[in-house]
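Subject: Structure handover

Hello,

Here is the structure I promised to pass on. Please open it first, then read the notes below.

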Amino acid sequence: MTGPALPVRALARDLHPLAWWSWAIGLATAASLTTNPLLLLLIMGSATVVVMARRSGHPFGRSFRLYAMLAALTVVLRVVFRIVFGGQEVGHVLLDLPEVPLPDWAAGVRLLGPVTSEALLAGLYDGLRLATIILCVGAANSLANPKRLLASVPPALYEIGTALVVAVTIFPQLADSARRVRAAQALRGGTTTGVGRLRRFLVPVLEDALERSLALAAGMDTRGYGRSGGATTRERWVTGSLLLLALTGICVGTYAWLDPTAPRVLALPMLGVGVAVAVLGLVSAGRRVQRTRYRPDPWRASEFFTVAVGLGVAVLGWYVGHTQVVVAYPGVDVAPYLSPLALAVGVLGTLPAVATPVPATAPVRQEATA
């Protein structure tokens, strides 16, 4: 029994957090380029399969359920908004609600009115797209360790990284706080129904999650994270000038890329120059920050494969959205379907579930060790 367990233990490790975020952003990009409910459900299933197979035993690994509930709530609210604020006037009427008259300054806005099946389907498709993006972000938060992600942030972005880590860790902490508060209240007894139970549950959960996130930020500050070293006035002027030029180049390049009447020389070339200057500015600013890393996360074949999968899903989603418009954006009057290429988008997203190492703190491994 000891012999076979050694290779598994040697292979068990946590994947680089940037690799998981790259994979999740690729899935979210593909989801943003379609309203096909079948393809969106396929992407949601891919994210769920990977999370169930590669989530860790840390508190953030148990936050995926909250994101799933938020995604379901998003779909419901999107459909309700379609009913309350009206939708398509032409179509198969399912429910004939009386329309509330509005003043002249609210022209163009409807309140209630006939509810058609086309309007409900349009709201359902839009809600599913937003829910899929939320679920992809939840998958990244459930798989990537936010503390290790912060260690991978460039030194020049330490202040932004600190704020992002505090913001990202609040939601995973809610899952752990809710579990502990629910267990404590079950032992104490008391009010089990009504508003009193909800108030006794929400206040301790929110307070505990916020205190733990702030404690993380305070611990980072105590350990000197982001401490700036000495820099001359000339170095500060050079860094500031590079970042200002980079911001100008990126803004001009983005505007020229979106505006078809602008000269093409101001589009991608200016955008590329702005990105290059931004990299130089970040490197120059990072020299002023003194930071050491203990056991930096390595980039191995599994990390590169996960990033490649996310990039491949995004590229395939973009290709389907531009070449197979009927598949990517089906009408509400026809039944949606999937092409072989669209089916490959969802299947490709599940590959990290089998091609990445099992986390060292995976729940299955913990149960086997116990």
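The side chain of Asn36 has a polar atom 3.0 Å from the backbone nitrogen of Leu38. A polar atom of that side chain also lies 2.7 Å from the backbone oxygen of Val327. This is a predicted model, with residues numbered from 1 along each chain as its sequence is written. Local features need pLDDT of at least 70, side-chain atom pairs count only at pLDDT 80 or more, totals for chains, interfaces and linings use all residues, and side-chain values use heavy atoms, without hydrogens and water.

Asn36 sits in the loop between α2 (17-32) and α3 (37-54); helices are DSSP runs of H or I, at least four residues, numbered from the N terminus. Asn36 counts as buried because its relative accessibility is 0%. Buried means under 20% relative accessible area, exposed over 50%, partly exposed in between (1.4 Å probe, protein chains only). Leaving out residues up to four places away in sequence, Asn36 touches Val327, Ala328, Pro330, Pro336, Tyr337 and Leu338 (heavy atoms within 4.5 Å).

Now the core. The largest nonpolar core has 37 residues. Such a core is a set of buried Ala, Val, Leu, Ile, Met, Phe, Trp, Tyr and Cys residues joined through side-chain atoms within 4.5 Å. Trp20, Trp23, Leu27 and Ile43 have the most contacts inside it. α2 gives the largest share, nine residues. Leu27 touches residues including Ile43, Cys136 and Val313.

Cys136 is buried, at 1% relative accessible area. Cys251 is partly exposed, at 46%.

Best regards

Key:
Helices (H or I, at least four residues) and strands (E, at least two) are DSSP runs, numbered from the N terminus. A polar contact is a pair of N or O atoms within 3.5 Å; within protein, one must be able to donate a hydrogen and the other to accept it, and residues adjacent in sequence count only if both atoms are side-chain atoms.
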